[in-house]
Amino acid sequence: MGGKLSLDGHHALLGKGTEDEMEIFGYRTQFFRKALCIAGYLFSCGALLLVFYWKPEWDVWANCVPCNLEEADTVLLRATDEFQRYKRKKVISLSLQHLLDSEKPDLLFSEDRDSVIYRAITRPGLKVRFIQVQKIRYAWDVPGKAFVRVGSLEDSNTCYEIHRKFGDGLTKRQRDLRKLVCGPNAIEIEIRPIWKLLFKEILNPFYVFQAFTLTLWLSQGYYEFATALIILSIISIGLTVYDLRQQSVKLHNLVEEHNKVRVTAWTKHEGGHQSESCHLVPGDVLLLEGQKLSLPCDAILLDGSCVVNEGMLTGESVPVTKTPLPQADNVQPWKKHSLEDHRRHVLFCGTEVIQTRPSGKGPARAVVLQTGFNTAKGDLVRSILYPKPLNFRIYKEAFLFIVGLIFVAIVGLIYGACVYAENKRPVRETAVMALLLLSAVVTPALPAALTTGIVYAQKRLKKRKIFCISPQRINICGQINLVCFDKTGTLTEDGLNLFGVVPCQDASFLPLHSFSSGPLPWGPLCQAMATCHSLLFLEGRIQGDPMDLKMFEGTGWEMEESGSGDPESGVPKTCSVVKPGPKASKAPSEGMSILHQFPFSSSLLRMSVVTKELGKDNHGLYMKGAPETVASFCLPKTVPSSFQAELKSFTAQGFRVIALAHKELSLDAGHSLRDLDRDEVESGLTFLGLLVMENRLKGETRPVLEELREARIRTVMVTGDNLETAITVGRNSGMIPSGDRVILVEASDPEDPHPASVTWQTVEDTQPCKEKNQDPCITIYDKSSSSFHFAMNGKTFQALQKSFSSLLPKILVNGTVFARMSPGQKSSLVEEFQKLDYYVGMCGDGANDCGALKMAHAGISLSEQEASVASPFTSQTPNIQCVPELIREGRAALISSFAVFKYLVLYGMVLFIGCALLYWQMQIFGNYQFLLQDGVAMVACLTMSLTHAHPRLAPFRPSGRLISPPLLLSVIFSILSALAIQTCGFVFVRRQAWYAQVRSYSSVSGKSRTGWWKESFQGSSFPSSPCSPGNQSSFPFGVNGDPNGTSAIRNMVVSYENTTLYHLATLDCCVLAFVFCKGRPFRKPIYSNYIFTCLMSIWLGLCVFILFADIEVIYKGLQLLCTPNLWRGYILIMIVVRFAVSVFVEDALLENRRLWLWIKALLGIRSSSKYRKLQRQVEGEASWPPMNHRDFTEDAKRNRKSKTYVNPAYENSEDV
């Protein structure tokens, strides 16, 4: 878990190869630099400290000097993703002197010298240096010269070493030492104090920017406007803090019970004792004595067996049996020895122990593997606390957009400074007014605009029982163009219906026995069905895998628990007993006991049990699993020659087929079942027959896949089931349309002297495979069809990855069915699709799909849980209807985010243009004018995203880019339109016959704010009321009798230019909200958003009313002048024309998809996505797809002019 040091020891990788990988740099604090920084904090009034808060790397570089990591007291962490965010961490030194004063570390770790803790103790100081990153501790490995993760047992331990080192528990001194270094076994989520949340929120750069602008407005006397902004900011911050506080409380309550579990731990030389789970450390031994228990840690089962509910982990609330870790004496690490089966020995934190079965000399025992946040539950909590930043272009381009706006703001700053300097205004006034113009461009709420659609979409999804622990992924869902589906439990029903069984006798298949005709006759086949399963008798009923349950019910037998086990021989004290029931066929037996189980795994594709007939000494082994796999373990003479043809006849019809086999065992009386070698006992079996089960499609599957196909979203099946069955389900579900060709791809790894090869065959021409582990082929119907689909199994996919890596992308472009895929291969497939620039969704039941669900852009687990480790999205509705729902909401959220973002950009630019024009004659908008305009913008932003998603998925995706031609042209056109109408209004109002240059100010010495109006026009012919009929005649040119109008008055507001631009800008903000609030094709029509439509209509009506009203109170309050009705009509006409032109340009031109496709075709512009390039490439190849022949590696290189088909980086791939 550590990283290799660079040559100078200053830089390394932390958590190399894990999801938490970071670069780490060592620094040492220097007193002189620290003193200079403190002085800088004081002289800058805290501004420098705030900058360092935002940029921790600058803080480290300013206060510290680089040094070796071994000497560092501060480290700088940098994420290895493309965001490369920095974090600063202090190196903590922990003294162990009080624990080790009377005992040397060498004695404490005499049997575990490879322990991370032992290697982390410095000598002679007896100290441990560590850092804590995202709740995980990393200790300094002295010999290894790296920070390594603590809090778990080392993966390098073999099965034998785990039993030998930890089987008898730890001594009290060892436990105390491990607890001190690893920390308590607790998933502690602090309910963050409100003041901390408030402080963090206020220090957000945009709130700091808003505080700066508010200070400017207050300094210029805009008290009402600034007060309104302060109130809105307080409400916004308050709601955010409240939401964060509620999340903190909810998460705290989720894990609180985890830290209060009472457990029985075994201490070496002292025996068992009760203690709080927070005191557990890696290496402790837990005694599991039958009571129900929510596991407080990850643990490896050493003795006995357990039944657990892993619903929190996988999403499936199906009891799972855990078996003890074997004591195999080999040099392989325990995880590699067990391959994927290692999970069968691990009890995961947060899962519930339903039942324990003691074995050996005492109760079931488990050794603590991981504690605290290192556990499975801790990983879930950390994924919620520290969500990964998403690599989505919209967020990058939003930043670039803001940079562009800042550039415009700087231009405005320079312009404002020049205008005021040219008019010889005081320096202070010039600076303040220039800064006010700068603040008008960048709206502080701009970044938050991208999240408004997400917030509303998340609430709508929750109503549909789709829960999300990573809300930022909702926008990405709007870009999904490929969805992978698991088959069983996802596309098809979870439970299977028994169709029949095909017995085998004397290497020949007998006619199919239908269960509807009566019970299965007594014999080895009936015994296999009654015993070879993982069912459990819990709480008075049989529980377990739905398929096993159907198979067992078909026999008519019954199950019960028995206490006839013999601990000395490895038989549990309680074992499952099955007996013939009233509906079963007559049997010359009292029943059978299931003594031992070799569990099923997706890598082995089989399971087996050791049984004993009640009242007799006969032992037997029964196996069930994938037909090809089971047949390979049987004596060839017992397997019918028509095996492949018989199998094909059922799988081609979509049936799920399971094979059964049997073997008599000769076990001595003193033989321990724990010592049985699986490979040895699972050999030389007698083939019994085929169990045929009907795997029905869910009712929602076909319509949903049809909907996705109409929306041009690719669908792919990724399953662990048989290839023929998968293809048939693909056809029946509509994933493979009727008449399309299916091409079977079979690839093999190189074996001396034969090179790697790949075979292409249309399914109808494929002959049954002769090799035992190869999948046979199936029939299709229309060979002449131009559409085709590749189908392959996991073995072929892995061979293509390894030996034909440059050919794999071309295959994936048309790959539809992937069968016999292991969990690791499913993850690799999703990753390969992502490399082709697909936005990939993955939908599965969470059991074997966890890796793929996490890897996908949007993983959806069908689960009863609200959140699970499995995926960022969890649907409590157990069908794939959630997939189009999520895509619809994602598209709506994306469009909403774009609309609000565009609107806020345009709102800022409209005000900027108006202010810039008024600056030309030393004026600015008034207090209540700004207030009204902000009210319009606030209502629009808060309600625009309330429009629901359109019920029909459009056959194309919304643009995922902010910096795209349509959006940029939309923004540029709107800015130019605003500039045009405001410039026209500004210029033409000055040319009207009734125009007069009238100026006033908001505050005169000795006068109240309400007395400025009459004072302004003393001694002139201007009437006391701004709305009197006389104000439409001639006006004086000065103020207070100054005919030249040269009085130096601050805060110029009242003028015909200001009145005209105010009406134009405010009405423009109203109509832009309607223009940008898009409806079809991704959202419902605008009128369906009742709140937005009503509120914005009210605002628009109010603004038009103010335009035409001759009410003195309103005009005085807004600091407006009345104008002739004809001019007001011109203003309204300009706005109406602006609205009509904008709607036409937006809908008929910029949002006209056909027009853009025509322009792209005319200019020869094509998609740059890799999968599109590959599609164009294969369309031009007459020889593609290859059919009915075989390519070898060298031939492929020569014929396809490929640089290489060998992937040298493929070294650590999973071997299945």
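**Exercise 1. Are tryptophan 760 and phenylalanine 790 buried or exposed?**

Solution. Tryptophan 760 is buried, and phenylalanine 790 is buried too. Buried means under 20% relative accessible area, exposed means over 50%, and partly exposed lies in between (1.4 Å probe, protein chains only).

Before going on, note the ground rules. This is a predicted model, where local features need pLDDT of at least 70, side-chain atom pairs count only at pLDDT 80 or more, and totals for chains, interfaces and linings use all residues. Residues are numbered from 1 along each chain as its sequence is written, and side-chain values use heavy atoms, with hydrogens and water left out.

**Exercise 2. Classify the ring pair of phenylalanine 925 and phenylalanine 930.**

Solution. Step one: recall the rule. Rings of Phe, Tyr and Trp (its six-membered ring) pair if their centres lie within 6.5 Å; planes under 30 degrees apart are stacked, over 60 edge-to-face, and the rest tilted. Step two: apply it. The ring centres are 5.8 Å apart and the planes stand at 85 degrees, so this pair is edge-to-face. Step three: check burial. Phenylalanine 925 has 0% relative accessibility, so it counts as buried. Phenylalanine 930 has 3%, so it counts as buried.

**Exercise 3. How many aromatic pairs does the structure hold? Classify the one formed by tryptophan 760 and phenylalanine 790.**

Solution. The structure holds 25 aromatic pairs. Tryptophan 760 and phenylalanine 790 form a tilted one, with 5.9 Å centre to centre and 55 degrees between the planes. Now place the rings. Tryptophan 760 lies in strand E35 (residues 757-762) and phenylalanine 790 in strand E36 (residues 788-793), so the pair ties together parts 30 residues apart in sequence. Helices (H or I, at least four residues) and strands (E, at least two) are DSSP runs, numbered from the N terminus.

**Exercise 4. Which ring does the charged end of arginine 129 sit over? Which ring face does lysine 810 lie over?**

Solution. A charge sits over a ring if NZ of Lys or CZ of Arg is within 6 Å of the ring centre and within 35 degrees of the ring normal. Arginine 129 sits over the ring of tryptophan 140, 5.7 Å from its centre. Lysine 810 lies over the face of tryptophan 1184, 4.4 Å from the ring centre.

**Exercise 5. Describe the setting of arginine 175.**

Solution. First, arginine 175 lies in helix H8 (residues 172-182). Next, its relative accessible area is 11%, so arginine 175 is buried. Last, list its contacts (heavy atoms within 4.5 Å). Not counting residues up to four places away in sequence, arginine 175 touches Leu170, Thr267, His273, His279, Val281 and Asp284.
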